[in-house]
Amino acid sequence: MAGRQDMVIWMRPEQAAVGRPAERSRAEITAAAVALADREGLAAVSMRRVAAELGTGAASLYRYVATRDDLLDLMTDSTAAGYDLPEPTGDWLADLVGVGRQARRIMRRHPWLPALVTTRPVLGPNGVDVLEHVLGVLAPQPAGAAAKLEAFALMNAFTAVFVQHELGGGEPAARHHAAYLRQVAAAGGHPRLAAALTEAAAPAGGPAGHHEADRYEAALARVLAGLLTPPR
């Protein structure tokens, strides 16, 4: 088993070939970890806590999951099962924004997920299915394979950062920093910052007053179009 620790968890057997019959499954352990993270945050997820959720001892979990990092990878990939992957419509940009829309919803449903997407990006079986779908959407697009893979990675990272900003906007640290920026802008020494903050705070219906979902989709479309559309 020691020689297999360098393999990603999906390349290892579900359980050792010898020993007692399986009592749990990776899917069951992963579901318990996700439920715990949804309730209490990622910091609460440990082998001991997950084992307690399942009514067993931590030692028994190591028969299925070697490390906490393995468990985090399983959790990340499990959320990718929540995507709906319809047939491409032929409008690659609209289809990609549709994937991003689902990514934003999934990350908002699991507030711990954006941090893992940005710091520990992995692709397990479910994530590979999403990537395959994205590559299918982009099949008619003339950009090279490297650019298409970059677009997938960038879409995930952009969505994670956007959701982190959304979910963190009400936290004291974020509010204090926003107040500081307003104070700096009001002092008069940074007119461009003052103008940008004024425009960003425009009422709904103004150029910067769109609903957060609309703002996200418009920004993502600009990013993807800029990456994948060849310059004139």
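The structure is a predicted model, in which local features need a pLDDT of at least 70 and side-chain atom pairs count only at pLDDT 80 or more, while totals for chains, interfaces and linings use all residues. Residues are numbered from 1 along each chain as its sequence is written, and side-chain values use heavy atoms, with hydrogens and water left out.

Side chains of opposite charge can pair when their charged atoms come close. A salt bridge is taken here as a side-chain nitrogen of Lys or Arg within 4 Å of a carboxyl oxygen of Asp or Glu, and by this rule the count comes to 12 salt bridges. One of them joins Arg104 to Glu166, with the closest N and O atoms 2.8 Å apart. This pair links distant parts of the chain, since Arg104 lies in helix H5 (residues 92-109) and Glu166 in helix H8 (residues 145-168), 62 residues apart; helices (H or I, at least four residues) and strands (E, at least two) are DSSP runs, numbered from the N terminus. Arg104 counts as buried because its relative accessible area is 10%, where buried means under 20% relative accessible area, exposed means over 50%, and partly exposed lies in between (1.4 Å probe, protein chains only). Glu166 is likewise buried, with a relative accessible area of 17%.

Glu166 also meets the side chain of Arg108 in a salt bridge, at 3.3 Å from N to O. Here again distant parts of the chain are linked, with Arg108 in helix H5 and Glu166 in helix H8, 58 residues apart. Arg108 has a relative accessible area of 38%, and is therefore partly exposed.

A further salt bridge is formed between Glu40 and Arg49, whose closest N and O atoms are 3.0 Å apart. Glu40 is partly exposed because its relative accessible area is 43%, and Arg49, at 21% relative accessibility, also counts as partly exposed. Both residues belong to a network of salt bridges that links Arg39, Glu40, Arg49 and Glu53.

Turning to the histidine, His133 is placed in helix H7 (residues 125-137). His133 has a relative accessibility of 13%, and so counts as buried. When residues up to four places away in sequence are not counted, His133 touches Leu85, Pro86 and Val99, a contact being defined by heavy atoms within 4.5 Å.
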